[in-house]
2 protein chains.
Amino acid sequence: MTTPKSGRKPVTVTDIARASGVSRATVSLVLRGSPLVHADTRAKVEAQLKRLGYVYNRAAANLRRQTSSSVALVINDLSNPFFAEFAAGVDEALGEAGYITLLGSTNESPERQHAVLASLMEHSPAGIILSPAEHSDGEQVQRLVGAHTAVLVFNRELPGADWDFLALDNRRGARLATEHLLALGHRRIAFFGGHADSSSCQERRQGYIEAMIAAGITPEPRWLVECTPSRVEAARTTAELAASYTDVTAAVCYNDNVALGLKLGLIARGLRPGQNFALTGFDDIPEAAQTTPPLTTLAVEPRARGRQAAELLLERVRDRDAPARHIVAPVQLVVRGSSGAPVS
Amino acid sequence: MTTPKSGRKPVTVTDIARASGVSRATVSLVLRGSPLVHADTRAKVEAQLKRLGYVYNRAAANLRRQTSSSVALVINDLSNPFFAEFAAGVDEALGEAGYITLLGSTNESPERQHAVLASLMEHSPAGIILSPAEHSDGEQVQRLVGAHTAVLVFNRELPGADWDFLALDNRRGARLATEHLLALGHRRIAFFGGHADSSSCQERRQGYIEAMIAAGITPEPRWLVECTPSRVEAARTTAELAASYTDVTAAVCYNDNVALGLKLGLIARGLRPGQNFALTGFDDIPEAAQTTPPLTTLAVEPRARGRQAAELLLERVRDRDAPARHIVAPVQLVVRGSSGAPVS
DNA sequence: CTGAAAGCGCTTACAG
DNA sequence: CTGAAAGCGCTTACAG
């Protein structure tokens with residue numbers, strides 16, 4: 001579980017103090033860049049630091065100062081490029097602020113999330129950025145992290161405490177996509193994919209419905225099709241719903257994966273997306289631009305979201321008493337060929 | 001840079017000792033599961049641990065015991081699903097072994113890698129798993145991590161010290177792909193993509209050449225085409241090389257991205273991969289199975305490689321004096337439609 | 001089986 | 001401007 005740091009003993013402030021003929025206190029002041037120490041003394045100490053290959057023991061310093069220099073990042077699905085980019089952005093911004101990232105990946109398992117959070121807490125992070133696993137229990141998380149740890153929840157709502165929350169502007173995104181299809185003349189537009197019990201799906205559906213109603217159209221219930229947001233599932237679901245699509249001319253999809261799956265299903269049924277059926281995605285994954293025809297979708301900039309999450313968390317760390325914030329990150333419609341089909 | 005842990009003071013062994021009427025030493029023994037303490041005493045202490053919401057301070061324990069419970073994971077390109085899966089595998093296996101993952105993402109920048117390693121070292125990791133940034137300097141890394149830290153290098157060779165090294169079996173993978181195309185009757189086969197100065201490209205080219213020569217064919221120099229391994233670059237390069245491809249009937253590609261880019265380039269030139277041109281990839285990214293025609297490629301199981309890397313590193317942590325190992329991870333040919341083109 | 005004491009590597013008042 | 005002393009939260013011989 002833990003391992004002895006065998007090998008040569010690391011050099012400490014005591015070694016440096018002895019080697020440069022000053023007290024440990026003075027070495028510490030040099031390390032922390034205090035203006036109190038004389039230039040000559042500083043130079044003497046710095047020479048020894050370099051000569052002996054000193055490396056600062058931040059854990060010891062944190063213990064003494066009652067500070068933390070780490071932030072825990074708990075991610076539900078690191079294999080999803082969206083979250084991987086997000087993680088990279090978080091790590092980048094935390095690094096710039098002098099913090100280190102403690103990673104925990106949960107693979108959408110609430111049990112693993114529990115274990116991971118418990119383990120991370122023992123390392124006294126200054127805060128936690130949590131992209132919750134599906135069906136995770138907010139109250140349990142609350143018990144685990146305590147009332148005094150800074151927490152930022154990302155992407156998925158997690159009821160149970162009054163945490164800061166950062167999410168994409170799902171409603172606006174879906175509304176933009178729907179309005180785009182409406183502007184092209186489509187009227188019988190489906191909303192395809194996602195689980196109706198997830199907050200992001202609910203929000204996207206809401207945006208779709210808003211746009212439809214604003215255009216004077218009442219979406220028929222059968223136009224709202226639920227489906228696990230994977231490509232394979234989406235392709236399968238299309239086939240099962242053949243009947244529903246005889247009158248529909250376009251679909252706003254829950255995300256790009258679903259859109260690409262639907263595309264496969266449509267092709268298998270002899271339809272040609274972009275020519276006699278229009279569709280849009282969500283996320284702008286790299287493949288969206290590469291596929292034929294390229295996919296109209298919403299750009300969400302996961303790396304920028306990661307940076308934003310890190311910054312929000314650090315603000316929270318600085319001011320624990322500020323009221324909790326719900327931040328909605330902008331999304332941007334990217335128009336490509338897949339939505340170019342004329343109304344049939 | 002670091003932040004005070006404000007809020008209520010966390011409860012310590014001293015609090016628990018006082019609350020349960022025993023010494024701190026006894027509390028510590030309970031925490032560490034020592035068999036020396038009487039069942040009644042243990043129960044008494046555990047009740048207080050729960051009641052007061054004690055959370056173990058692993059940093060303090062590590063300081064006192066001169067141990068570490070973390071491993072640094074430094075990744076060159078987290079936005080690449082291959083590395084993201086790898087990271088997830090590492091984190092999983094480390095977690096099971098009781099270690100925590102300190103993440104550092106370098107975005108292929110040697111400068112960032114330098115900064116990240118320096119920062120990570122201050123947190124005294126038990127070891128480092130390093131997937132080096134392009135053009136990083138092994139000697140510099142060596143200076144940074146010192147001679148006594150366990151290091152496992154992944155994926156890309158890093159000359160400069162005698163570290164453990166885990167890589168894919170690039171040579172065998174390319175040989176399998178080439179043999180597959182040869183068995184289908186192709187003889188004028190190109191090797192497309194990659195930078196000739198990267199170790200992985202060299203190895204894959206070697207496997208290709210081996211297979212060709214074993215089949216009695218001497219690859220012509222113009223069949224070896226260099227190209228940055230991104231899709232866009234690959235598509236562009238194809239067009240520039242139109243002349244070279246008039247007699248070639250198949251290509252072994254450096255990886256899936258390159259293969260998918262080449263495919264786009266071929267289609268743009270009126271060729272139909274899988275029908276009048278055969279190609280193979282490397283990596284088996286999710287898209288390989290989804291594209292039309294699906295891509296013949298080599299499965300590398302990045303998550304399993306991550307687990308393997310974690311295990312190798314922990315072995316090294318346990319035995320610093322064992323000789324350095326070069327481990328080659330198996331890859332598996334996955335035959336799909338893209339290589340089904342007849343010889344023209 | 002339990003407690004008193006020392007110490008991991010650092011920092012911080014407090015004297016001088 | 002520099003040093004002696006105490007202490008962060010834990011563990012570990014050493015007595016008893």
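What radius of gyration does chain A have, and what would a compact globule of 344 residues have? In this predicted model, the value for chain A is 26 Å, whereas a compact globule of 344 residues would have one near 20 Å. The C-alpha trace of chain A spans about 85 × 40 × 35 Å along its principal axes. Chain A contains 13 helices and 14 strands, and 49% of its 344 residues are buried. Among the contacts in chain A with a separation of 6 or more, 73% are between residues 24 or more positions apart.

Contacts link 55 residues of chain B with 55 residues of chain A. On the side of chain B that touches chain A, the elements giving two or more residues include β1 (3-4), β2 (67-68), β4 (100-105), α6 (110-121) and α13 (302-318) of chain B. The largest share of that side is the eight residues supplied by α5(B). In terms of class, the side of chain B that touches chain A comprises 21 nonpolar, 23 polar and eleven charged residues.

A sheet also runs through both chains. Strand β4 of chain A, residues 100-105, is joined to β4(B) by three bridges, and the two strands run antiparallel. Within this pairing, A:Leu103 is placed opposite B:Thr101 of β4(B). The open sheet has twelve strands with mixed pairing, in the order β13(A)-β7(A)-β6(A)-β5(A)-β3(A)-β4(A)-β4(B)-β3(B)-β5(B)-β6(B)-β7(B)-β13(B). At the edges stand β13 (326-329) of chain A and β13 (326-329) of chain B; each has a single partner strand, so one side of each is left without a neighbour in the sheet. From one strand to the next, the twist averages 20 degrees.

B:Phe165 has B:His326 in β13(B) as its bridge partner. Helix α13(B) lies across β3 (70-75), β5 (127-130), β6 (150-154), β7 and β13 of chain B, and runs at about 155 degrees to β6(B).

Both chains also contribute to the surroundings of DNA strand D. Two or more residues of the surface near DNA strand D are given by each of α2 (24-31) and α4 (58-65) of chain A and α2 (24-31) and α4 (58-65) of chain B. The residues of this surface divide into 14 nonpolar, seven polar and five charged.

Definitions and conventions:
Residues are numbered from 1 along each chain as its sequence is written. Chains are lettered from A and ligands numbered from 1 in the order in which they are written. This is a predicted model: local features need pLDDT of at least 70, side-chain atom pairs count only at pLDDT 80 or more; totals for chains, interfaces and linings use all residues. Helices (H or I, at least four residues) and strands (E, at least two) are DSSP runs, numbered from the N terminus. Ala, Val, Leu, Ile, Met, Phe, Trp, Tyr, Cys and Pro count as nonpolar, Asp, Glu, Lys and Arg as charged, and the others, Gly among them, as polar. Two residues are in contact if their C-beta atoms, placed from the backbone, lie within 7 Å. Two strands pair if DSSP finds at least two bridges between them. Axes are lines fitted to C-alpha atoms, for helices over the stretch in contact, and angles run from 0 to 180 degrees between N-to-C directions. The radius of gyration is taken over C-alpha atoms; the globule rule is 2.2 Å times the number of residues to the power 0.38. A residue is buried if 20 or more other C-beta atoms lie within 10 Å of its own, exposed if 12 or fewer, and partly exposed in between; C-beta atoms are placed from the backbone.
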